[in-house]
Structures are given as C-alpha cells and as structure tokens.
Amino acid sequence: MHLRKAKVKGRVYLSIVQSYRTPDGKTRSKTIETIGYADAFEGIYGDPIAHFEAEVERRNAEARTAGAAITVKFSPAKKIDKRAEGRVELGAAVPSAYFHRDLGVWGFFEKKRTARGFAYDPCRILELLVWNRISDPGSKRAAFEARGRFPRRCDFSLDDVYRSLTYLNANADALVRHMNESLEAARGPRNRARLYYDVTNYYFEVENEDIDGLRRRGVSKEHRPSPIVQMGLFLDGDGLPLDYEIFPGNRNDMSTMLPAMEKAGLRRAGGPEAGRVIVVADKGLNTSGNIAAVTLDGNGFILSQSVRRATRELRGWVLSGEGYERNASGTFKVKSRVADKAVHVVGEDGRRRKVTVPVKEVAFWSRDYFERSRREREKVVERSRAAIEGGEMSSAAAKTPVRYAKDMPVVRETGEAASHNWVLDEARIAADEACDGYYCIVTSEQEMGDREVIEAYRGLWRIEDSFRVLKSDLDARPVYVSREDHIRAHFLVCYVALLVMRLMQLDTGREHTSEQIAEALRGVVGHRLDANAYLFDYRTDLTDELAAAVGIDLSRQVLTRGQIRQVMADVRKPRAEVEVSRR
C-alpha cells in the first residue's frame, strides 16, 4: 500500500492505494481508503501527509506479519485501566456493510464535504447512532459514551453529536431519496406496484406538550397521557421501508396518508413519478378525501372497511349468506361485487360535493378471525360487567375497554338531576356478535381476483411488525430529545436502522427475527489482550450467516488492530472488489 497525493484545484487529496497484478500480468491499483483533503486535517495533525504516510507504513508492517503467531505477555501485578476501553464491537461491521454498500450513505455525505463548514463527520456519527440503535438502543449521550467500542475512530465530541442532528434533519429527505436510488442500483428495481402504509405514534416522558411543535397530546396507541408524535411509514411490496413522514401528535391518522405520498413522490402532476402504485392501508385511512385523491392521481387502493360501522346496505350484504364460495373444510368463505362508493370531495369553489367511485367490494369470513373476535369480545364483556358491579364506571371509561356498559339514567322522584344506572348493553353485544369473523375490503382494482385482494391486504402485517421492531427492538420510544429538528433526526436514525435490519433479514432468508439478529451481532465483541491484539470468543451459525451475506470473516479468534481496521475498510467497498483483493 502507498499514500496517493492527488492535486485537485490547488489542494492535495489523500487516499490509500494498493497495487495488484491482474491475471494477464498487467499492473493495476485500487483505492483501499479515501482520506480527504490534507488541509482538512491540519488542525488535527501538524503534518497530515507525514502522519498518513506513517499510518500506511504501519499497516504494511501489520500485513507482513498478519500470519505470524501472536505472543501476549501478562503481568500478575498489572491493574485494570479504568479509563481505557478494552472491548471492540466488531459485529458493527455487518450493518456498516449495508450502510455503505447498499444505501450509499458515505457517498451522499462525501459529495457535501466541501460545503459543510464544520470539521466533524456526520456520516460517522450517523453510522455510530444506527449501530447503537440496532445493538443497544439508548440516548444519544449513551451512544457517544460507547463510541470507544465502535470499530471506527470517532473523533467528535458530544456537542458534535447534537449539532449533527440539525444537519441530519436538514438533509433527511434527500438522504432517503439517495438511499432508495442506491438500493435500486445495488439490487435492482424496488417492488413499488403495491405499497403498504400505516401510522403509529411514539411518546415523550414529559408533562407539557409543545404549543406549535411536534410533541402534542393525541390518541396514543399505547393509551398513554403523555405528548406523542405521529409517524407514517411506507413499505414496498417486499416489506422494505420506502419512506416515512413525521406529524404532530394531535394529527388525525386519516389525514397523514396524502402528505406522506406527496413526500414519497407518489403524487405528481401527470401521474406518479415512478408509475402507478396500489396503496394498501387499514380502515383508519378509508376516507373520502384519501380515496378521491388516490383515484385522481391515477393510483389504486386496497382498504379495509369496518363491517360494524358500514352502511346498512353494505353490512346487510356482507352478513347475508347468499353468494359466498366456501372451502372444503368450511373454515373460509368469500364473495365480491362491483359497486359505486359514495365519497365527498371539495371543489375549486370550496363547496363539498358527493360523487361516486367504482370499486370492488370483497367480503370474507374466516373461522380463525371468528374465534379471535369472540375471545376478545368476551374479555371486554367481562371487564364491562366487573366495572359495573364494582361501581367503577364513568362515561369516559365506557368508550374504551368497557364499551359494553350502557348508562340508563333514572330520574329521582324528587325531581333532582338524573343519576347513573350502568347496565350491560345486550343489544350492542348481539350486534357485534353477528359480525364476528366477517371482514370487508374495498379496492379500486376491479379485475384483481378475490384471493389476490385478500392476500394483498394481509401483507399489512409486515408494516405492523415494522412498528413493533421500531418500538421494541430498536427502542424508538420514549424519545429523549426535545428540539423539533433533533426529534426528526432521531426518527431518521430509527428509519435507517430499520431499513438496515430488514436488509439483513432479507439476505438471511427472513428466517431470523430482528431480536435474534441484534443479539448475534451484539455478541461479536473482541476483548483486548494487549495494545495490538483482541480475543473473540463468540460465534454462532447466525453470525457466520450474517458475515457471509456481506462477504467478511467473523470467525477468527484473534485479530490485530490492523485486521479489525481492514474488516471495517472492506465493508465500505463493493463486495466484488473485496473478493478480488483477497485473491
């Protein structure tokens, strides 16, 4: 290896280069590591060129002795240095490979290097935060304090970490677009014909909401009184995250889909940017405004429809036994029809009008869904009965877990104000029981088969699982930052971590949960033997599988610092280039 010093517009650009010979005998060279402009390091090293030349010589010396046996001497009297970090988390190499190769994050920030106006590397900070989110989710401070275990040098301060959040937020939309483009360049076109959308929210451990900011009180999915923020997420047809958007906590779910589609480039004059798509979403997004806009944009939709809250005519059609086709075991039946769905739109004059949209309605009944609905309702009935008997009812409580309690006020003979008389709402219980097991889906795709419509809708489990991973495995909440730009940057970190996790699952055959993958990578830790050697004592079939997916070796028991650096350098290169250099 040698240090290449290229002159670019009067400045010296440094990179570490290695020469090699091709099978036909010609000499070629390849870039091992791009360093940057020499003058950018003058504040760190007195003579940057001399420093990096010495670094190249040290690496060459390590390469010459890489195969030699390592002798480590220990002194019984030597004490542990409390200030030194004795571990290195080499499991970070696997997500770093996706971060650089598939998503092209380093290339995105490298193009902006000269225009940044600050010395710290936002790409390195984001890489550290993404690894922390996958391996040991915590606050930004916790990630910074664990930087000594990260297998790349982290020459930045805690203040730099917080400053970088502002920069990351400012470039978040462009970065997401760049990652999508890089992913398509690396793996081929994304499956955009069918996109899944849903909304969830995340809470803050604060008492007061923002006046005009993101942290607002709203309908919490976890029934918490704390301020929340809303996140809308798009997945492609393969279950990979495609885009996301953040909304204030008091924003109604149904009003988030169109702005999220706008941000993802799915609402453009003359048709969608990337061709027609079919948006699959739950019943909370089934509104007149969403259906009308999606239709006018030239897109399609597959939306669930509540049977209990449907019009009398639609509910009667779903519950009628006529027209259903049953399977041989009697556990499933389905029917469909083409109908006109009434939606209300606001014209250019501001007036609200009723129009009809031709749709296909698919109704089906499933024994599994029937039994699950009955079990869940029995629990609510029992809670309602217990609350009534215990005198714990209130009008607010009746709206949620005890909704089958009904207030029948009794006017006292004295003429005083009515008192409460809570009883079980038997009529409501019977009405809900009649709908057990039935489901209805409304779609613009009239030519799509009934089973295909149902299977497309059932794909929503992937987005529900993605929210579970974000909340549980990646620990996206509670959110520990308070400024709006920092909050948005926090969710960018979570989004990138989710995308990397899904790619790791995809490349290992989707046979492992995100928790299993995180646990496996977390275990690949080297313990320092001396100044230049680390001992690794954790290896499983899953770590071998993850390492093989990105073309690196995590099976060696002892690695030197130089070998660890080489692993981290390899994951920034295209896999084919790494394989050539090994030959």
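Which residue in E6 stands opposite tyrosine 202? In this predicted model, the residue opposite tyrosine 202 is valine 229 in E6. Strand E5 (residues 194-203) and strand E6 (residues 228-235) run antiparallel and are joined by eight bridges. Valine 199 faces a residue of E6 too: it stands opposite glycine 232.

E5 also pairs with strand E8 (residues 278-281). Here the strands run parallel, and three bridges join them. Leucine 195 stands opposite valine 279 in E8. E5 is mostly covered, with nine of its ten residues buried.

These pairings belong to an open sheet of nine strands. The strand order is E7-E6-E5-E8-E9-E15-E12-E11-E10, and the pairing is mixed. Strand E7 (241-248) and strand E10 (325-326) stand at the edges. Each has a single partner strand, so one side of each lacks a neighbour in the sheet. Helix H9 (residues 288-296) packs on the sheet. It touches strand E9 (300-305), strand E11 (332-346) and strand E12 (352-366). The direction of H9 makes about 90° with that of E11.

Glycine 437 lies in the loop between helix H12 (426-434) and strand E15 (438-443). Glycine 437 is buried, with a relative accessible area of 0%. Beyond residues up to four places away in sequence, glycine 437 touches Phe364, Trp365, Ser366, Tyr369, Phe370 and Ser373. Glycine 437 and tryptophan 365 are 72 residues apart in sequence. In space, their C-alpha atoms are 5.1 Å apart.

Key: Residues numbered from 1 in each chain as written. Predicted model: local features only at pLDDT ≥ 70, side-chain atom pairs only at ≥ 80, totals over all residues. Heavy atoms only, no water. Helix = DSSP H or I, 4+ residues; strand = E, 2+ residues; numbered from the N terminus. Buried < 20%, exposed > 50% of the residue type's maximum accessible area, 1.4 Å probe, protein only. Contact = heavy atoms within 4.5 Å. Pairing = 2+ DSSP bridges. Axes fitted to C-alpha atoms, helices over the stretch in contact; angles between N-to-C directions.
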